[in-house]
Amino acid sequence: MSLQPFINEAISPWMKEEGPDNDIVLSTRIRLARNFDQFTFPIIASADELTPIVNLIQKYYHHQTFEEYQDLEYISMAELQPIQKRVLVEKHLISPNLAEKSKNSGVLISKNEQVSVMINEEDHIRMQLYFPGLQLENALKNAFAFDDWLEEKIDYAYDEQRGYLTSCPTNVGTGMRASVMMHLPALTLTRKLNKMIPAINQIGLVVRGIYGEGSEAVGNIFQISNQVTLGRSETDIIENLQSVVKKLIEQEQFARQLLVEQSDLRLENQIFRSYGTLKYSRIIESKEAATCLSNLRLGIDVGYINHLSKSILNELMILTQPGFLQHYAQETLSAKERDIRRASIIRERLNLENG
């Protein structure tokens, strides 16, 4: 098992690429849930019943390549330390749920980290494909192709009327969750987003935090995804999500323009105060860091700050998480020690950018 490439770098290789609307849309993800036919689903299966699933995945897919997704590496959860699992969660390569598993569960990760396939989480297979910016149609096309490749050696649990069968009833049908990660600081500052969320929910979509279900929105980063998987095709779901995301992009752009025009020096002051906090703090908590990084990225996008790269938000939002901080320290850190190290890493990263 070669874990190091996946936990040594905060930014996955695919995240370094430019994507459409990437001033607001950070990433697009398609997740497909699948189960093996004639096998007990993971939520009620014993460890022994899950062994054949792991064996088949390792036999047919470990170190295999499909198109640009090269050298799929199988990593067993049982062989990972808690900090290593946390790093993989912070990079969105595994879910918090999978991180809690131990025996007979794992993940396949492609070399460019654009594909991760969680094994024996809530379902036998949960494949995830990531793309920079807003690329829902392209992501769906690639997810279908990857799914077909897996299905060549796997008989899926499928019902002609209900579609793909999953552990959770809310995933039955397409088994698909399409999601878009968006940076929406202006809609948050103007308090318009809270008024829009109920309308978004009414059309079968949901707004969540950065790590999905049950997570808190930090740094003004929100995940918009579909709730409905049964009775609608994947294409319909994608078109609905695309339409809403486009409207959110328009509203965020308008709100940013309004803030710049009407806030006089207040917005500029808020952005540069955040920059100063990040640049000079010796101790900084994760929430404050996320808020300041969000303001810094907003300052870059509206043109107040032009000597820093856009990718700094993506990088530091991951690099300053507890798992990464402790991985780099090679030891378990207290909350205060993490706050000190977080401030140090941010200062070093900003100095490197300035240099």
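Predicted model: local features only at pLDDT ≥ 70, side-chain atom pairs only at ≥ 80, totals over all residues.

Tutor: Residues are numbered from 1 along each chain as its sequence is written, and side-chain values use heavy atoms, without hydrogens and water.

Student: How many aromatic pairs does the structure hold?

Tutor: Rings of Phe, Tyr and Trp (its six-membered ring) pair if their centres lie within 6.5 Å; planes under 30 degrees apart are stacked, those over 60 are edge-to-face, and the rest are tilted. By this rule the number of aromatic pairs is 11.

Student: What is the geometry of the pair F36 and F39?

Tutor: The ring centres of F36 and F39 are 5.9 Å apart.

Student: Is F36 buried or exposed?

Tutor: Buried means under 20% relative accessible area, exposed over 50%, and partly exposed in between (1.4 Å probe, protein chains only). F39, at 35%, is partly exposed. F36 has a relative accessibility of 4%, so it counts as buried.

Student: Which ring does the charged end of R34 sit over at 3.5 Å from the centre?

Tutor: A charge sits over a ring if NZ of Lys or CZ of Arg is within 6 Å of the ring centre and within 35 degrees of the ring normal. R34 lies over the face of Y156 at 5.8 Å from the ring centre. The ring at 3.5 Å is that of Y164.
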